[in-house]
Amino acid sequence: MLPAMLEAGDILVSTRQRMLYFAEGNGAAIRYPVAVGKPGKQWFGTRLIDGKHIRPAWAPPAEVKRANPAIPDFIPGGAPNNPMGAAALTIYPGEYAIHGTSAAMRASIGSFASFGCIRMLDEDILDLYPRVRVGAQVHVVA
């Protein structure tokens, strides 16, 4: 059973479980394995989905660029090295998203691997994407 605070269409991310739950209503949810923030890069609380993007381009935030200076300043959507993968649901406020993953990063699913984004398998983000509406709440808990 999901927490009572969730309404149909809400998303709950359990950092400890490394799982994302999409609330369908009546306590039912679809469950997906995810990668979450590395220690020190995690965030918790409630935010909103503010955008939906298929094959998004990506520019690394300053913190990611400092940690990995060799990363290009811009990676076009659909490029094999694009860490956003097949789709992204952007989260307000901040520079975070729930997104797919590149082929090279698939093994990170189920781990503490990101700079704060919630990383999913491409097939899972493509399943979740049409279910989520802009304005949906995202609850990230320990």
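Trainee: In the hairpin of S2 and S3, which residue takes a positive phi?
Mentor: This is a predicted model. The hairpin of S2 and S3 has 2 residues between the strands. The positive phi, near 55°, belongs to Asn26.

Trainee: Over how many bridges do S2 and S3 pair?
Mentor: Strand S3 covers residues 28-33, and its pairing with S2 is antiparallel. Within this pair, Tyr21 stands opposite Arg31 in S3. The number of bridges between S2 and S3 is 6.

Trainee: What is the bridge partner of Ile11 in S2?
Mentor: Strand S1, residues 11-14, also pairs with S2 in the antiparallel sense, over 4 bridges. The hairpin of S1 and S2 has 4 residues between the strands, and Arg18 takes a positive phi near 55° there. In S2, Ile11 has as its bridge partner Phe22.

Trainee: How many of the 7 residues of strand S2 are buried?
Mentor: Strand S2 runs over residues 19-25. It is largely enclosed by the rest of the structure, because the buried residues number 5 of the 7.

Trainee: Is Thr101 buried or exposed?
Mentor: Thr101 is found in the loop between strand S7 (97-99) and strand S8 (112-114). Leaving aside neighbours within four places in sequence, its contacts include Pro83, Met84, Arg106 and Leu121. Buried means under 20% relative accessible area. The value for Thr101 is 3%, so Thr101 is buried.

Technical notes:
Residues are numbered from 1 along each chain as its sequence is written. This is a predicted model: local features need pLDDT of at least 70, side-chain atom pairs count only at pLDDT 80 or more; totals for chains, interfaces and linings use all residues. Side-chain values use heavy atoms; hydrogens and water are left out. Buried means under 20% relative accessible area, exposed over 50%, partly exposed in between (1.4 Å probe, protein chains only). Contact means heavy atoms within 4.5 Å. Two strands pair if DSSP finds at least two bridges between them.
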